[in-house]
Amino acid sequence: MTREPVFDVLTGLVRAIFWAQGLKIDIAGGENIPRSGGAVLAVNHTAYLDFMEVGLVGRESGRNVRYMMKAELEHGIVGWLMKQCKAIGVDRTAGAESYARAVAALRDGEIVVVYPEATISRSFELKEFKSGAARMAIEADVPIIPMTIWGAQRIWTKDIPKQLGRHNFPINIRVGEPIAPFEPADDLTTELRSRMEKLLDAAQRDYEMPQGARWVPARLGGTAPTPEQAKVLEREELERRRAKAARTQR
């Protein structure tokens, strides 16, 4: 692994945070992360900080992953950190350019992290997948590595108070076997989601989930919104954002 001083420092900081929180991180399938060459790393999205676990999995496999991040963050100290860590800025008004940058990184042998759900799942179930991960893998001719994280939503997610202290939460991470790219992209996306459903089930297996807990899916006896209820909450959130943007532009 090529030395990247800033990435090295940030990784050390992440490890220190995990130690301070007492997180019990269990990784299974880490051998499925390729030690060289490009790959799309597709991850479920349930928490604001789950990118930290993603980066740790990469480092445990000798790789520095490349995140796709909002282009509006490409300023100041965050922008500098993004540049040093070779993050790929995503501009929603110039999606084709962001997509091309991701494909170029994959062809250059990088591991690019993609959240196929695009946004955090309030239900903690897998949402509908966007096809971007599949299209990137097909165009760059690289595999997709499916990965799921379970337990990170207990620390910081939408609609639930943060738990940033020392809590000793277990975090289960499951990495699946590489999926060779094939067309059409919609079929590859369906296969990816199916694999990730199985990995999520494996990550949840034997994980203690109290009945009625807000971070537990309704299907498993918790009080998280159902996928249908979560869609309503997401629409309401989007409407509030649009209204706020409209007021700002006046």
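1. Ile17, Phe18, Gln21, Ala47, Leu49, Met52, Glu53, Ala152 and Ile155 form the lining of the largest cavity. A cavity here is a set of points, on a 1 Å grid over the protein atoms alone, where a 1.4 Å probe fits but cannot get out, and lining residues have an atom within 4 Å of a point. The model is predicted: local features need pLDDT of at least 70 and side-chain atom pairs pLDDT 80 or more, while totals for chains, interfaces and linings use all residues. Numbering runs from 1 along each chain as its sequence is written, and side-chain values use heavy atoms, without hydrogens and water.

2. The largest cavity holds about 70 Å³ of space. Searching the whole structure gives 1 cavity of 30 Å³ or more.

3. α1 (5–21) and α2 each supply at least two residues of this cavity's lining; α1 gives the most, with 3 residues. Helices are DSSP runs of H or I with at least four residues, and strands are runs of E with at least two. By class, the lining has 7 nonpolar, 1 polar and 1 charged residues.

4. The second largest pocket has about 200 Å³ of space. Of its 11 lining residues, Thr2, Glu4, Arg63, Arg66 and Glu110 are the closest to its centre. A pocket is an open set of points with protein on both sides within 12 Å along at least five of seven lines. Its lining has 1 nonpolar, 4 polar and 6 charged residues.

5. Tyr48 sits in the loop between β2 (39–43) and α2 (50–60). Tyr48 counts as partly exposed because its relative accessibility is 36%, between the limits for buried (under 20%) and exposed (over 50%).

Key
Buried means under 20% relative accessible area, exposed over 50%, partly exposed in between (1.4 Å probe, protein chains only). Grid points are joined across faces, edges and corners, and a volume is the space filled by probe spheres set on the points. Ala, Val, Leu, Ile, Met, Phe, Trp, Tyr, Cys and Pro count as nonpolar, Asp, Glu, Lys and Arg as charged, and the others, Gly among them, as polar.
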